[in-house]
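Hi everyone, thanks for coming. Please have a look at the structure on the screen, and I'll walk you through a few places in it.

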Amino acid sequence: MTSREPTSDSEPGLGPRRLDAQRLGYLPQRSVKWLAPGTLADTALRLLGAQSFGAYLDKRELLSFYPQGVFDYSERSEIGLDYVADLGDGFNATYSIAHLLAQPKLHLSNSGEPLPGGEVLVMGGDEVYPAANWREYDNRTRGPYTTANPAENRDLFAVPGNHDWFDGLTAFSRLFLQRRHFGRWITRQTRSYFTLKLPHRWWLMAIDGGFDSRLDPPQLAYFRKCAAGIQPGDHVILCVPQPAWVWTEDDRQAFDRIDFFIDEIIRPRRARVPLILTGDRHHYARYQEDLPRDRGRPRHLITAGGGGGYLSPTHNLPVHITAPPPSSIGHTGSLPRDYTLKSAYPTMRRSWRYGFGIFGRLPWRNKSFVLFIGVVQLLAVVAVLQGVGTTVTCAAVLISVGIAFAHSTGPRKVKHYVLGVLHGAAQTALAVAGASVLEGFPVGGAWPYVGYIPVGGLAATWLVGFYLLVANRFGVNANELFAGLSVIDSKCFLRLKLNENGLTVHPIGVDRSARKWKWNVPTSSSPSRLLPAQPIRARHIEEPVTIPHPRPSSK
């Protein structure tokens, strides 16, 4: 997008850490270092606490005491909605997307006609990383979006993801459920789920799945009440927490919650669900239902989690899926539907090429991980030097850790154990090699052992990177591979336009996030307080997807 030059300051572009935090009102953050030991330990403890006590302290039931109805936009002849998910990570990626969302017109490099800005912004989950608290929301989400600041008031709705639930939804509730302002984005909801009534017999329903739990009774009661206004043949856009459809091969129950909601809330009204939106995976992927041309209108399943979090891979996505699977345990009676992957961003080839950057980015981005695993390697070396018994114990520990580390969505399979054993054995072999080097080292004393920590740590880190690259080909540890990469490029969001011609979904891709910024005096045509030093190039990921309006009701 072409941005006009700043009118207040003439300094060259500044990196986020050189921006004046006092002038901004918050502290811009670097991307989360996901494999740093401190981050891993803190996130694990928060996750454990939230999962252990979340069922006893489920705020969704408390929020049901706050009145909330349907948010009605149906009197308009047309409306624009933006959908963004998995934001609130590093400043550069998060603000690049926020800046584009705030502009009155979005100019695309592969389209001559600019897209007008959306009147409503829907945040689809994981609004902050690594874990929810007021400070992280302030610095990573509210702050950047306030700085982006659209020229006119726009409504903002949000559903929580698993990272928003790490504090039991406390910070999310204070930020999104009390009609607060993000600049000129204004929150409207009082609960963590909502219903929008849109023009031309369209609806949008966004559900809160908690920590992969059942939908709570007050939430179901709310949607039943909202659904009373849905007429036969109406179209419903469903926003869900996770792309459960891509996991059905490994987990037969993955799609059950979505299927249950459709069967319980929407199907009794004889409405259709032509579009399901989600985030959670930080890429763009669109699956289209396999239907002959003469058999009606296909359903689209779209993942668009490119709002700022580290990039997720696309090269391991299944090309063909069935949801719900015929063998689903919680099957509600709805017929299985077959889908085919029509588009992915980044492309599968580009995604696989990203993976090879692990050898440089993992140690560079996570220096404390190198130090930590270097200490572990030193302890293993000392164990090897003590004799056969401690060597066997060391090998058993490292192999056990390797097996525990090897995981993916769904139950463990033989491949997880094989890969875990091979990884643990490789780390053991590295320790044996290190012991051999230190035993014959010409310089005595403690210094060779101290020096081994960074050397052994780097070698062990590369070994972890090699393991992640290989395991990823077998569908294991895909998330950890790209968490270690922490790629801030290839971001995305959706711009939905609903008018008399139907619903058009514009998938927007940003190949490269901005790294440098300039101060700006906001105007109606350039409302953001910060502009990119170089224009951010946004483009259509694929041709826009158009879904026709509901057919006229028969009297």
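Let's begin with the largest cavity, which is lined by Ser31, Val32, Trp34, Asp89, Gly308, Gly309, Tyr310, Ser486, Val487 and Ile488. Before going on, please keep in mind that this is a predicted model, where local features need pLDDT of at least 70, side-chain atom pairs count only at pLDDT 80 or more, and totals for chains, interfaces and linings use all residues. Residues are numbered from 1 along each chain as its sequence is written, and side-chain values use heavy atoms, with hydrogens and water left out.

What do I mean by a cavity? On a 1 Å grid over the protein atoms alone, a cavity is a set of points where a 1.4 Å probe fits but cannot get out, while a pocket is an open set with protein on both sides within 12 Å along at least five of seven lines; lining residues have an atom within 4 Å of a point. Grid points are joined across faces, edges and corners, and a volume is the space filled by probe spheres set on the points.

The structure holds two cavities of 30 Å³ or more. The largest has about 40 Å³ of space, and its lining has five nonpolar, four polar and one charged residues. Here Ala, Val, Leu, Ile, Met, Phe, Trp, Tyr, Cys and Pro count as nonpolar, Asp, Glu, Lys and Arg as charged, and the others, Gly among them, as polar.

The second largest cavity has about 30 Å³. Leu81, Asp82, Tyr83, Val122, Leu204, Leu277 and Leu496 line this one, and by class they are six nonpolar, no polar and one charged. Strand β2 (residues 79-84) gives the largest share of that lining, three residues. Strands (E, at least two residues) and helices (H or I, at least four) are DSSP runs, numbered from the N terminus.

Of its 18 lining residues, Phe369, Phe372, Ile373, Val401 and Val464 are the closest to its centre.

Next, strand β18 (residues 502-510). Why is β18 described as largely enclosed by the rest of the structure? Because nine of its nine residues are buried, meaning under 20% relative accessible area with a 1.4 Å probe and protein chains only. Two strands pair if DSSP finds at least two bridges between them. β18 runs antiparallel to β17 (residues 491-499), with nine bridges, and a hairpin through two residues joins them. Three bridges also join β18 to β22 in the antiparallel sense, where Val505 stands opposite Val545. Another three antiparallel bridges link β18 to β21, with Gly509 opposite Arg539.

Let's finish with helix α5 (residues 134-148). At 1.5 Å a residue, times one less than the number of residues, its 15 residues should span 21 Å, and its end C-alpha atoms are 20 Å apart, which agrees. α5 bends by about 40 degrees at Arg142, with Pro144 following within four residues; the bend is the angle between axes fitted to the seven residues ending there and the seven starting there. Among the buried residues of α5 are Glu136, Tyr137, Pro144 and Tyr145.

Methods: Buried < 20%, exposed > 50% of the residue type's maximum accessible area, 1.4 Å probe, protein only.
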